[in-house]
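Please keep the model open while reading these notes. Each point takes up one part of the structure.

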Amino acid sequence: MRKNLNVIAAYSIMMGLIILVGIFQSWNIALSIFNLCLISAVMTMGANIQWGYAGLINFGIMGYTALGGLAAVLISVNPVQEAWSAGGSNILFSLFLIIGMVLAVRYVLNKYEKSKTRTYIIASIIILGIIIIRFVSEPGIEAIEEVDPAKTGFLGGLGLPIIFSWIVGALFAGGLAFIIGKVALGLRADYLAIATLLISEIVIAIIKHEDWLTRGVKNVIGLKRPAPYEVNLQQTDWFINLVEKFNSSKLNLISDFADRQAALNQFVIEGSSVFVKLCYSGLFLIVVIILLILTQKALYSPWGRMMRAIRDNEEAANAMGKNVVKQHLLIFVLGSAIVGIAGAMLVTQDGLFTPGSYRPMRYTFLIWVMVIVGGSGNNFGAILGGFAVWFLWIEAAPIGLYLVNLTTAGLDDTHALKVHLIESVPYFRFLMMGIGLLLIMRYRPKGILPEKIEIK
Amino acid sequence: MDFLNAIILLLNYIFVPALAYGSQLALGAIFVTLIYGILRFANFATGDMMSFGTMFTILFTWYFQSVGISLGVLPTALLAIPFAIIFMIGYMLLIDKFVFKYYRVNKSPPVQLAMVSIGVMFVTQAVVRIIIGPSDRRFFDGEKFIIKAGEFKEMTGLNEGLAIKSTQVITILVTIILVSTLFWFLNKTKTGKSMRAYSDNEDLALLSGIDPKRIVMITWIIAGILATIGGALYGLDKSFKPFTYFNNMLPIFAAAIVGGIGNPFGAFLGGYVIAFSEILLTYAYRKFFMYVLPESMEPGGLVQLLSTDYKFAVSFSILVIVLLYRPSGIFKGKVL
């Protein structure tokens, strides 16, 4: 108990801050911050497995998040029948062609010795394959995109409950990580960082521009929810009774019946959105706790010890007979899969998929700030980092506004400098993140909750 | 005649824009490569440092315009650049003193320095957005075209026009002057040679009495000059927007690595490799084939290898391929 005092203290402070937001701003805001904190925590756990456990640098988090989001779309949206009949066969045929191409390349790779001719053969297979696939898929894609472009214009999904997408998102992200890991993991740390960053940009470019699959920048809106809808809640009796019970003390103060009914309605409207957010919080909390238990178990298992050995001294671990390449690939896939889950959760919560909103600042570098600030190698630290940094990211604007008002108190309200500063308040969050990261890296390089390995 | 038209078409839409864009990338790539070769880390703040320098250029341009100083046909920004460079160098040295120096002295691993540069990236981005805002800004003045498409058509009697913007010519000229001065400096002067020695083998350089503090300072000064000029030229040619500059970091990295990181000449060429392949692969060749081929063989589609949406993806794919097959770059890297 004593050993974990700092962990408990840090988490109590964090929860206290969120509750303060609930009291002073509104419970709605507090819960939406809390939900995104939970999603960020899942992302940081993924990044922490890669960086903290194994020392692998992955700047491609944005790409996996987007793939998770894509999974949510492909699982939950109802299939668009006309689009399938218009171009589905072409797309399926292209898919077979791609598989055939990959198999052909594999066959050549296995069959022949490494030589210049082999490289040329593979290159020509790939180039020919791409040209053929383009010819096959082009009419199909055009036909699909012409099916009611204002509403659909894409193939749609499977029409299953969106919860399934959390698993499928993990599979998608893990699959991408497997391919990337196969080709890029041999690179030096900083090259790997750049390569993963660029590959994630390619993923985003594809998601943005392949309209037949993702609707691209036209966005997919109105995804199904795992939680009830506010409108329905406001008309169910048990919910109204529940709200009445909760607010009975306040309601009893109002004597006039009409006023009381109006107040109750207001409470019901507010309560419904809080209730929906609470549902999400519950779901997300389950995911976070399951992942936390698994990652903690892994950290203290022989496998976790091996990963740390590989991280701290690759050559020695190799000499002890550990397959470094294989373990790196494994952990790269696992970490990315967790990020994929987070991506699907994010889209589930928002109920919409907007490929244009995936930017490296928000989805890659911010997650890295969370991991570093929280404490890499320590799961509790990483989660705390997710909470603390996301909280600051949201609350930076009010804090910035307060600071601006404080420092320019002597100035007139219409003074050009003051107006300009108030306009640029949203950018203070970048400043705070940067300074926070620099300070932590300088004075507490292991993060708020540093890695602590005890052998049990 | 048709053949000439086809050539002019390619010149107008591919060669001239790619040359200008490549020059802008090349300056950035040399900046990345210098930092990598001498300070030994991948600087993720590259794009934002360039936007920082450009911001000063714009502020000075506005100031000069407001007091009525101009260069006539040339853009006022050219006059503003030297002043911006001074501020930029000050900023670079300040960052180095308060941020990077600590890690350099402690001999931290390069990954940690790269992380620190992400912190610098956040701060720089915030400062730029707070001072000048996130919106699109054009600060070009003076004569816009050297040759207009219409004039060219009249002059030569061809169907295709060739338009050369003055910013494109300025970009290419400034790049040539700057890069040749830099190579002269690195190869012929004593300081330049000591920089190369330091990059090649730090310990040996220290043994032979090279002052590391001076090397680092000069590196930041050169980096400041390159970042400001590269950024300002890009802003003049296209427009200034902090987010675009942040994104430009990616093709710049690609250029530096393709050319062999740590090798300035490689970075210089890498910039053009990236620029030309981006534009060549995403250009629609339909009109070109209409001129070259006889009428019966005219192509039906756009004859575009990749849609322009994938412009960035091209450079990244090149980078990934180079990283996999020649990790040290097309030209051998890590020798300044």
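**Notes on the model**

1. B:R40 sits in a loop of chain B, the one that runs between α1 (2-39) and α2 (46-67). The model is a predicted one. The phi angle of B:R40 is near 65°, which is a positive value in a residue other than glycine. B:R40 has 17 C-beta neighbours inside 10 Å, so B:R40 counts as partly exposed.

2. A:N219 lies in the loop between α8 (211-214) and α9 (230-233) of chain A. There are 14 other C-beta atoms within 10 Å of A:N219, so this residue is partly exposed.

3. Chain A as a whole comes next. Chain A contains 19 helices and zero strands. The C-alpha trace of chain A spans about 90 × 60 × 55 Å along its principal axes. Chain A has 456 residues, and 40% of them count as buried. Take the contacts in chain A between residues at least 6 apart in sequence: 82% of these join residues at least 24 apart.

4. How is chain A divided into domains? Domain 1 covers 5-79 + 156-443, and domain 2 covers 80-155. Domain 1 of chain A therefore comes in two sequence segments, with domain 2 written between them. The contact between the two domains takes seven residues from domain 1 of chain A and eleven residues from domain 2 of chain A. On the domain 1 side, the residues that touch domain 2 of chain A divide into three nonpolar, two polar and two charged. The centres of the two domains of chain A, taken over C-alpha atoms, are separated by 34 Å.

5. A:V325 belongs to helix α15 (residues 324-350) of chain A.

6. The contact between the chains takes 30 residues from chain A and 34 residues from chain B. On the chain A side, α7 (189-209), α16 (360-374) and α19 (428-443) each supply at least two residues. Which helix gives the largest share of that side? The largest share comes from α7(A), with twelve residues. By class, the side of chain A that touches chain B has 24 nonpolar, three polar and three charged residues.

7. The next two points concern helix packing in chain B. Two packed helices are described by the angle between their axes and the distance between the axes. For helix α10 (residues 242-258) of chain B and helix α11 (residues 264-282) of chain B, the axes come within 7 Å and cross at roughly 125°. That angle is why α10(B) is oblique to α11(B). The crossing in which α10(B) passes α11(B) is right-handed. From α10(B), the residues B:P251, B:A254, B:A255, B:A256 and B:V258 take part; they meet B:A267, B:G270, B:G271, B:V273 and B:I274 of α11(B). The residues of this contact divide into eight nonpolar, two polar and no charged.

8. Helix α11 of chain B also packs against helix α13 (residues 311-325) of chain B, where the axes come within 9 Å and cross at roughly 130°. The angle makes α11(B) oblique to α13(B). The crossing of α11(B) and α13(B) is right-handed. In α11(B) the residues concerned are B:I274, B:S277, B:E278, B:L281 and B:T282, and they meet B:K311, B:V314, B:S315 and B:I318 in α13(B). By class, the residues of this contact are four nonpolar, three polar and two charged.

9. B:A223 lies in helix α9 (residues 212-237) of chain B. B:A223 counts as buried, because 24 C-beta neighbours lie inside 10 Å. Which residues does B:A223 contact, leaving aside its neighbours within four places in sequence? They are B:F31, B:L34, B:I35 and B:M92. B:A223 and B:M50 are 173 residues apart in sequence and 9.8 Å apart in space, C-alpha to C-alpha.

Methods
Residues are numbered from 1 along each chain as its sequence is written. Chains are lettered from A and ligands numbered from 1 in the order in which they are written. This is a predicted model: local features need pLDDT of at least 70, side-chain atom pairs count only at pLDDT 80 or more; totals for chains, interfaces and linings use all residues. Ala, Val, Leu, Ile, Met, Phe, Trp, Tyr, Cys and Pro count as nonpolar, Asp, Glu, Lys and Arg as charged, and the others, Gly among them, as polar. Axes are lines fitted to C-alpha atoms, for helices over the stretch in contact, and angles run from 0 to 180 degrees between N-to-C directions. Helices (H or I, at least four residues) and strands (E, at least two) are DSSP runs, numbered from the N terminus. Angles under 35 degrees count as roughly parallel, over 145 as roughly antiparallel, 65 to 115 as roughly perpendicular and the rest as oblique. A crossing is left-handed if the near helix is turned anticlockwise from the far one by less than a right angle, and right-handed if clockwise. A residue is buried if 20 or more other C-beta atoms lie within 10 Å of its own, exposed if 12 or fewer, and partly exposed in between; C-beta atoms are placed from the backbone.
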